[in-house]
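Colleague: I'm opening this one for the first time. Can you walk me through it?

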Amino acid sequence: MSATPRTSRAHVPHPLRPYPPLIVNAALTGIVPRRATVPHVPVTAEQITDDAVACVAAGATILHLHARNPDESPAWQRDRYAEFIPAIRDRCPGVVVCVSTSGRDAAELERRADVLDLGGDARPDMASLTLGSLNFRRQASVNAPDTIVALATRMRERGIRPELEIFDTGMAYLAADLLDRGVLEAPLYANHILGGPNTAPATAGALALLSDGLPPGTTWAAGGLGAFQLPMNAMAIFMGGHVRTGLEDNPALDAERRRPATNAALVARVVELAGIAGRPVAGASEVRAVLGLRPSPPAAEAT
C-alpha cells in the first residue's frame with residue numbers, strides 16, 4: 001500500500017511550517033507623546049518624513065501616521081497630512097501609508113473622515129478603524145456603532161483598506177460581524193493593542209484569544225503599551241503574527257524608561273527578533289499583495 005502524499009502542512013506549528021514574511025507596522029507619532037517627555041517623537045512634517053525614511057530603512061513596510069499642529073497638538077485636517085505624505089512616498093517608494101481616523105481627540109465623523117479625501121501622491125493606502133469605544137487612563141476614545149460603519153463605508157468607497165484596531169474581544173467579534181454584513185471586505189488586517197488599564201491585558205492568553213476571535217484569514221499584528229510592547233511583539237513574531245511598534249505606544253527601550261527609544265531602534269529590535277526566529281521580513285510589494293492593496297501612486301502624481 002503506497003503512502004498518501006502530503007498535500008498540506010497547515011497543521012504543523014511554526015517554525016517547522018515556514019513563517020510568512022514579517023510585516024512591521026511603525027506607529028511614529030500618535031496623539032499623546034510630546035517632545036518634552038518623549039524627545040525623539042517626530043511632530044513636524046520634516047521630522048515625520050525623516051523618521052519614516054529611517055524606519056523603512058530599518059525594516060518597516062507600513063507607516064501608521066498622525067499629523068500634528070505647530071503646538072504639537074493632534075491635527076485632523078487633510079492638509080496637515082499632505083505636508084509629509086508626498087515626501088515620504090518620494091523617499092520611500094512603495095511603502096504602505098496608513099492615516100489615523102482616531103476618535104480619541106475628535107469624535108465628529110466629518111473631522112475624522114477628512115483625511116480620507118486626500119488624493120494623488122498624498123492618498124492613503126490604509127486608515128485606522130477602532131472597532132469600539134474604550135477608556136485610556138485619562139481619556140476616552142469614542143467610536144459609536146454608526147460612526148464605525150460610516151468610516152468603514154467611506155474607506156471602502158475610496159479604495160482604502162481599514163487598519164482594524166482591536167483592544168478587546170468584543171472588537172474582534174465585531175470584525176466578523178461587519179465582514180458578514182459587507183461593511184468590511186476581505187482581506188482584513190488588524191492590530192491587537194494590549195496592556196492598557198481598560199483593555200485586554202498584555203498576556204499570551206489574551207493575545208491568543210483575540211487572534212482566535214478574528215475572522216479566519218485575517219492578517220493580524222500585535223503591539224503593547226509601554227513596557228508591554230516588546231513581549232507582545234516577540235509573542236506575535238514567534239506565533240506567526242506580525243508586529244506594530246513605535247513611539248506612539250512606547251517611549252523607551254527598557255521597562256524602567258531609562259533609555260529613550262527612537263522609532264528606528266524599535267523597528268530594528270523586532271527585525272532582530274525576526275532573525276532569531278529565522279523569519280524573513282516582508283517587503284512593500286509583498287505587503288501590498290497580502291493585504292490586497294492597489295499599487296502605490298507615482299511620486300510625481302499631482303494631488
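Colleague: Let's start inside. Is N191 buried or exposed?
Modeller: N191 is buried, because its relative accessibility is 0% and the cut-off for buried is under 20%. Keep in mind that this is a predicted model.

Colleague: Where does N191 sit in the fold?
Modeller: N191 is in strand β10, which covers residues 189-194.

Colleague: And what does N191 touch?
Modeller: Leaving out residues up to four places away in sequence, N191 touches N25, E163, L164, E165, I166, A221 and R244.

Colleague: Let's zoom out. How many helices and strands does the chain have?
Modeller: The chain has ten helices and twelve strands.

Colleague: How does the radius of gyration fit a compact globule?
Modeller: It agrees. A compact globule of 303 residues would have a radius of gyration near 19 Å, and the chain has 18 Å. Along the principal axes, the C-alpha atoms fill a box of roughly 75 × 45 × 40 Å.

Colleague: What share of the residues is buried?
Modeller: Buried residues are 51% of the 303 in the chain. Turning to contacts with a separation of 6 or more, 72% join residues 24 or more positions apart.

Colleague: Now charges. How many positive and negative side chains are there?
Modeller: There are 29 positive and 31 negative side chains. The centres of the two sets lie 4 Å apart.

Colleague: Why would they pair up?
Modeller: Side chains of opposite charge can pair when their charged atoms come close. This structure holds 14 salt bridges.

Colleague: Show me one. Which residue does R91 meet in a salt bridge?
Modeller: R91 meets D50, at 2.8 Å from N to O. The pair links distant parts of the chain: R91 is in helix α3 (residues 85-91), D50 is in helix α1 (residues 45-58), and they are 41 residues apart. R91 is partly exposed at 45% relative accessible area. D50 is partly exposed too, at 37%.

Colleague: What about R89? Which partner does it have?
Modeller: R89 forms a salt bridge with D125, at 3.2 Å from N to O. R89 lies in helix α3 and D125 in the loop between α4 (109-113) and β6 (126-130), so the bridge ties together parts 36 residues apart in sequence.

Colleague: Are R89 and D125 buried or exposed?
Modeller: Both R89 and D125 are buried.

Colleague: And how far apart are the closest N and O atoms of R158 and E157?
Modeller: They are 3.6 Å apart, in another salt bridge. Shared partners join R78, D114, D117, E157 and R158 into one network. E157 is exposed at 59% relative accessibility, while R158 is partly exposed at 29%.

Colleague: Switching to the backbone. Where are cis peptide bonds?
Modeller: One joins H14 and P15, with omega about 5°. P15 is in the segment before β1 (24-27). Another joins A186 and P187, with omega about 0°. P187 is in the loop between α6 (169-181) and β10.

Colleague: Which residues other than glycine have a positive phi?
Modeller: E72 is one of them, with phi about 80°. E72 sits in the loop between β3 (67-68) and β4 (74-75), and counts as buried at 18% relative accessibility. R257 also has a positive phi, near 60°. R257 is in the loop between β12 (242-245) and α9 (263-276), and is exposed at 57%.

Conventions: Residues are numbered from 1 along each chain as its sequence is written. This is a predicted model: local features need pLDDT of at least 70, side-chain atom pairs count only at pLDDT 80 or more; totals for chains, interfaces and linings use all residues. Side-chain values use heavy atoms; hydrogens and water are left out. A salt bridge is a side-chain nitrogen of Lys or Arg within 4 Å of a carboxyl oxygen of Asp or Glu. Helices (H or I, at least four residues) and strands (E, at least two) are DSSP runs, numbered from the N terminus. Buried means under 20% relative accessible area, exposed over 50%, partly exposed in between (1.4 Å probe, protein chains only). The radius of gyration is taken over C-alpha atoms; the globule rule is 2.2 Å times the number of residues to the power 0.38. Contact means heavy atoms within 4.5 Å. Lys and Arg count as positive and Asp and Glu as negative; His and the chain ends are not counted. The place of a charge is taken as NZ of Lys, CZ of Arg, CG of Asp or CD of Glu.
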